[in-house]
Amino acid sequence: MATDTIVAVATPPGSGGVGIVRLSGPAAPGIAAAICGRDLQPRQAHHARFLDAAGEPIDDGIALRFAAPASYTGEDVVELQGHGNPVLLQALVARCCALGARMARPGEFTERAFLNGRLDLAQAEAVADLVAAGDLTAARAARRSLDGEFSRRVDALAEDLVAIRVHAEAAIDFADEPLETLGGAALAARLGRARDDLAALLAAADRGRRLRDGLHAVIVGPPNAGKSSLLNALAGSDRAIVTDVAGTTRDLLRETVHVDGAELALVDTAGLRAGGDAIEREGMRRARGELARAELAIVVLDARDPEAGRAAVASDLAGVPRVLWLHNKSDLLPPGAPVPPAGELRVSATRGQGMEALHARLRTLVVGEGAAAEGEFTARARHVDALGRAAAHLEAAASALGIEALELAADSLRDAHYDLGDISGRIGADALLGHIFSSFCIGK
Ligand SMILES: Nc1nc2c(c(=O)[nH]1)N(C=O)[C@@H](CNc1ccc(C(=O)N[C@@H](CCC(=O)O)C(=O)O)cc1)CN2
Ligand SMILES: Nc1nc2c(ncn2[C@@H]2O[C@H](COP(=O)(O)OP(=O)(O)OP(=O)(O)O)[C@@H](O)[C@H]2O)c(=O)[nH]1
Ligand SMILES: [Mg+2]
């Protein structure tokens, strides 16, 4: 348990209806009593004046105390909920510091919740994901991780590994007997199941990671096809200038959008065509530079003449790992117009036709096939990496078991078990902690 007391403004910078100063640590109740002029009862809302050193009110508001260990951090916690004015909030923080608190580092409240066993590491990371979630689907996935859904699956697997390790270690002690008589077949079967479970968890975690990390997607196509209109439709706002003049967009325009929980870092670009003035040519140069780094190209064609557009961009798409072809302006097509080739979508950016199918396709491109929305949770590259290492160690354990090299198998099983421990942070992960919590916002 920490001996010092931390303080920070927990609400976002700027002014708002209410602003919260949060304290955690043993001195929090005393500091709050000095500021409020009386002791605070745990879990009761008190309306109080928040006093400065001279006894003059800095603000008035609601004071709340949570007594250790029944608090967010597991320590004594106090919240001073004042008016949402940054000047007043900073004055309150300064007063808390004068009374013995110190300013919290980013993520330090959640770090303390972790250190005091209120959350495991994957859950603590999910707090940051929940705060950053760009839509409700992403928030729900983060919520599941925060509730421990991901951690429970990791823990269940870790428990299986413990049982398998115990079995393997016991067999080592009877090394003069054949493995068969020591339940070798059952051991191999259990290990096989653990490998299957791990593979399924790895796939789910990788989807969770892609959900969180998103894709860098570049919108390209011939001039006037509706690229900027598409960006606006996906963003749900008039981000980009749209006109009927070919060559409207010159510079790159970046916008992060969320489709069904998946994040896309979208870039609108200048239309690609031969010729153009100096500005337009510079715009095309930038568009091609962006394409070279794209994880996904969204090609917008005019549905009335897709082949001309296709020819104009085809040579620029080499090396882009994913390409989605859209036939835009479907509303202008005559009835009975030929349907696009398989895999290509017909949409109308301005009328909204086909946008639902587009959302579904984009989500699949980000998260991958087989991504059941149900039960999805957020995960990070760090988790996927740990699961991948554990999977490699289980492979090695299975091979070793196959040649009855029990000691080797036991070593690999232990390594796999430790890999899983990195995810929850329950088995020595000190080096990771500073890195993880420093990416939080202050006051979280
Ligand atoms: N005002 C306020 N709102 C907030 C937070 C906060 O710290 N303060 N949170 C901060 O992230 C989130 C809620 N998370 C919280 C998690 C646990 C506890 C807590 O006091 N837990 C105790 C008591 C549980 C109970 O009685 O229900 C415990 O777990 O023992 C508080 C907030 C979002 N809203
Ligand atoms: N009817 C119809 N018009 C559209 C649609 N999408 C875009 N447009 C119109 O097509 C014109 C060009 O749209 P933009 O979004 O500016 O096209 P762009 O591809 O960004 O064009 P540049 O930036 O010049 O390369 C505008 O007049 C839009 O209103 C659509 O789905 N249906
Ligand atoms: Mg444009």
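Here are some notes on this predicted model, taken point by point.

1. Let's start with the overall layout.

2. A peptide bond to look at is the one from Ala 68 to Pro 69. This bond is cis, and its omega is near 0 degrees. As for where it sits, Pro 69 belongs to the loop that runs between strand 4 (57-66) and strand 5 (77-84).

3. Next, a backbone angle at Asp 260. Its phi is near 50 degrees, a positive value in a residue other than glycine. You will find Asp 260 in the loop between strand 8 (253-259) and strand 9 (262-268). Is Asp 260 buried, exposed or partly exposed? It counts as partly exposed because it has 19 C-beta neighbours inside 10 Å, while a residue is called buried at 20 or more.

4. Glu 404 also deserves a look for its phi, which is positive at about 55 degrees although the residue is not a glycine. The loop that holds Glu 404 lies between helix 12 (381-402) and helix 13 (406-424). With 14 other C-beta atoms within 10 Å, Glu 404 is partly exposed.

5. Now for the annotated site. Under "binding site", an unreviewed UniProt entry lists Asn 224, Thr 243, Val 245 and Thr 248. These residues are spread over 25 residues of sequence, yet they cluster in space, with a largest C-alpha distance of 8.1 Å.

6. Thr 243 is in the loop between helix 8 (227-235) and strand 8, and Val 245 lies in the loop between helix 8 and strand 8. Why does Thr 243 count as exposed? The reason is its 10 C-beta neighbours inside 10 Å, given that a residue with 12 or fewer is classed as exposed. Val 245 has 9 such neighbours inside 10 Å, so it counts as exposed too.

Notes:
Residues numbered from 1 in each chain as written. Chains lettered and ligands numbered in written order. Predicted model: local features only at pLDDT ≥ 70, side-chain atom pairs only at ≥ 80, totals over all residues. Helix = DSSP H or I, 4+ residues; strand = E, 2+ residues; numbered from the N terminus. UniProt positions renumbered as here; feature names shortened; annotations may be inferred.
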